[in-house]
Every structure is written in structure tokens, then in C-alpha cells.
Amino acid sequence: MASSSSVNLEDVPSESLMTELLRRMKCATKPEKRLILIGPPGSGKGTQSPMIKDEYCLCHLATGDMLRAAVAAKTPLGVKAKEAMDKGELVSDELVVGIIDEAMKKPSCQKGFILDGFPRTVGQAQMLDEMLEKQGVKIDKVLDFAIDDSILEERITGRWIHPASGRSYHMKFAPPKVPGVDDVTGEPLIQRKDDTAAVLKSRLDAFHKQTEPVIDYYWKKGIVAKLHAAKSPKEVTEEVQKVLS
């Protein structure tokens, strides 16, 4: 049944339709995968996730983006999340897991998902596992982007992002073809407000205290793959492909 917000396929260029059709045919043969990416800021999750998403036909669930989308779409969970945000409160774990549950039902998530930025605590991990169990599925692999704190400062402070696609660049390690401009769209790149040495230190402290225990939690389940995230992006990609093949 067509809804008022449906796209009229007659108006979609043939090339776009064919590209999407070929993508779906390729994806039909892919096994399902449900992945979590864990690593400190600057460990390379943002560089690897678009490759993993395209290669394995997964949807990329970044909790911050999903919360904003749910609020903008005024879904029942989005309305509750906005109430909490307007009061200056943190959005509850139950709400975030509910929004992930909602997002997983989209056609783009049919083959599975990449979770990035969640779970950050063992409590969240347990809640996520309970929700997945009700659907008869589970997390297949947790990719641990392991890297020393000392390497991260140089990485973080040179990082630039293309907001619309999430593509990330680095002035030293992976510069765009034209400084300050996205390679694909030609749109301007931005530097995140929290990509500074001072903010990095507090985020690393929080990561070690709250999120490292999540790696231990999944390690006991035997599903953690440790990546050498200090290596070049190409080498890390090769490690990821070996782990997921």
C-alpha cells in the first residue's frame, strides 16, 4: 500500500533503479551478520564501517543519528526521547534499545546491522542481548579496535568529516583530494567540536572506565575479534575481511 510519503518509482532514474536492483541481487546471497564496533574515539571505526556496510549489505546503526531521526520523525519513542532531551536528561537505555529495535525492522537491515556507539556499558549490552533474544537472533561478532591512547591524539586532531555520508578524512593519513572538500560530492568537510586533545582525554577516560568492560562481557561469549587498529586503514580492512569471511 502506497503511503503519501512513498517515492513514485516512475520518477526515479532508470540508472538508480538498476543500481539498487543489482545491489539487492548481490545482497540476496550474503549471510546475515549482526556486528558491534567497539573502540576509543579515533580508532578507525568510522573509516571501516562504510566498507563493512557495503561489503556485507548491512545497515549502519549509529545511536546518535537514530535518536535524532526518531525525534525528527516524531515516532512514539522519538517523542519520549525529545522529552528527556528537553529536560536536559540522558535518554534512558530502554529508549535507546527500543529505537534500535525499531530501526532493525527497516528493509535495509534485512541482512543485519553494524552497531556503532552502543552498547557503552555492560548494562546496555545485557539489555541489547535480551531484546535480540526475543527476536530469535544474537550478536555474531564484536570488532575490538585496539589501539594505544598515545597514537589517538594525532589521529583525532587531524580528522575531518563529511556530515551527510559520514565519510571521514585525515589531513595526514587520509587527506581528501582537495583540502576541506569531500571527494565524492565536492561538499565542504567539517571538524567536530569534540575533536580536540582536551575533549579526547575525558572521552578516553570514560571509554576505559565504562566501555572496556563491555569487551570483557562479549569476550566471555567468545565473539570478540581483536583488531590491530594502529595499522593503516588498508591493513585493518584486510583484518576485518579475514574475521568476517
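How does Lys 221 count at 46% relative accessibility: buried, partly exposed or exposed? Lys 221 counts as partly exposed. Buried means under 20% relative accessible area, exposed means over 50%, and partly exposed lies in between (1.4 Å probe, protein chains only).

## Basis of the model

This is a predicted model: local features need pLDDT of at least 70, side-chain atom pairs count only at pLDDT 80 or more, and totals for chains, interfaces and linings use all residues. Residues are numbered from 1 along each chain as its sequence is written, and side-chain values use heavy atoms, with hydrogens and water left out.

Helices (H or I, at least four residues) and strands (E, at least two) are DSSP runs, numbered from the N terminus.

## Salt bridges

Side chains of opposite charge can pair when their charged atoms come close. Here a salt bridge is a side-chain nitrogen of Lys or Arg within 4 Å of a carboxyl oxygen of Asp or Glu. The whole structure holds 14 salt bridges.

One of them joins Asp 129 to Lys 221, with the closest N and O atoms 3.6 Å apart. Asp 129 sits in helix H6 (residues 122-134), and Lys 221 sits in the loop between helix H8 (197-219) and strand E7 (224-228), so the pair ties together parts that are 92 residues apart in sequence. Asp 129 is buried, at 15% relative accessible area.

Lys 172 and Glu 154 form another salt bridge, at 2.8 Å from N to O. Lys 172 is in the loop between strand E6 (168-170) and H8, while Glu 154 is in helix H7 (residues 149-157), so this pair ties together parts 18 residues apart in sequence. Lys 172 is exposed, with a relative accessible area of 53%. Glu 154 is partly exposed, at 40%.

A local pair is found in helix H1 (residues 14-28), where Arg 24 and Glu 20 are four residues apart, about one turn of the helix. Their side chains meet in a salt bridge of 2.7 Å, N to O. Arg 23 joins in: Glu 20, Arg 23 and Arg 24 are linked in a network of salt bridges. Glu 20 is partly exposed, at 29% relative accessibility.

Met 25 also belongs to helix H1. Met 25 counts as exposed, at 55% relative accessibility. Its C-alpha atom is separated by 30 Å from that of Leu 128, 103 residues apart along the chain.

## Helix packing

Two packed helices are described by the angle between their axes and the distance between the axes. Axes are lines fitted to C-alpha atoms, for helices over the stretch in contact, and angles run from 0 to 180 degrees between N-to-C directions. Helix H5 (residues 93-104) packs on H6 at an angle of about 40°, with axes 10 Å apart. That makes H5 oblique to H6. Angles under 35 degrees count as roughly parallel, over 145 as roughly antiparallel, 65 to 115 as roughly perpendicular, and the rest as oblique. The H5 side of the contact (heavy atoms within 4.5 Å) includes Val 97, Ile 100 and Met 104, and the H6 side includes Met 127, Leu 128 and Met 131.

H5 passes H6 in a right-handed crossing. A crossing is right-handed if the near helix is turned clockwise from the far one by less than a right angle, and left-handed if anticlockwise.

Helix H2 (residues 45-56) and helix H9 (residues 233-244) also pack at about 40°, with axes 11 Å apart. H2 is therefore oblique to H9. Their crossing is right-handed. Among the residues that meet are Met 51, Ile 52 and Tyr 56 in H2, and Val 236, Val 240 and Leu 244 in H9.

## Backbone exceptions

Most residues other than glycine have a negative phi, and most peptide bonds are trans. The peptide bond from Phe 118 to Pro 119 is cis, with omega near 0°. Pro 119 lies in the loop between strand E3 (112-116) and H6.

Cys 57 has a positive phi, near 60°. Cys 57 is in the loop between H2 and strand E2 (59-62), and is buried at 6% relative accessibility. Lys 74 also has a positive phi, of about 55°. Lys 74 lies in the loop between helix H3 (63-73) and helix H4 (76-86), and is exposed at 65%.

## Annotated lid

UniProt, in an unreviewed entry, lists residues 159-194 as "domain: Adenylate kinase active site lid". UniProt positions follow the numbering used here, feature names are shortened, and annotations may be inferred rather than shown by experiment. Over residues 159-194 the chain is 0% helix and 17% strand, and the end C-alpha atoms are 11 Å apart.
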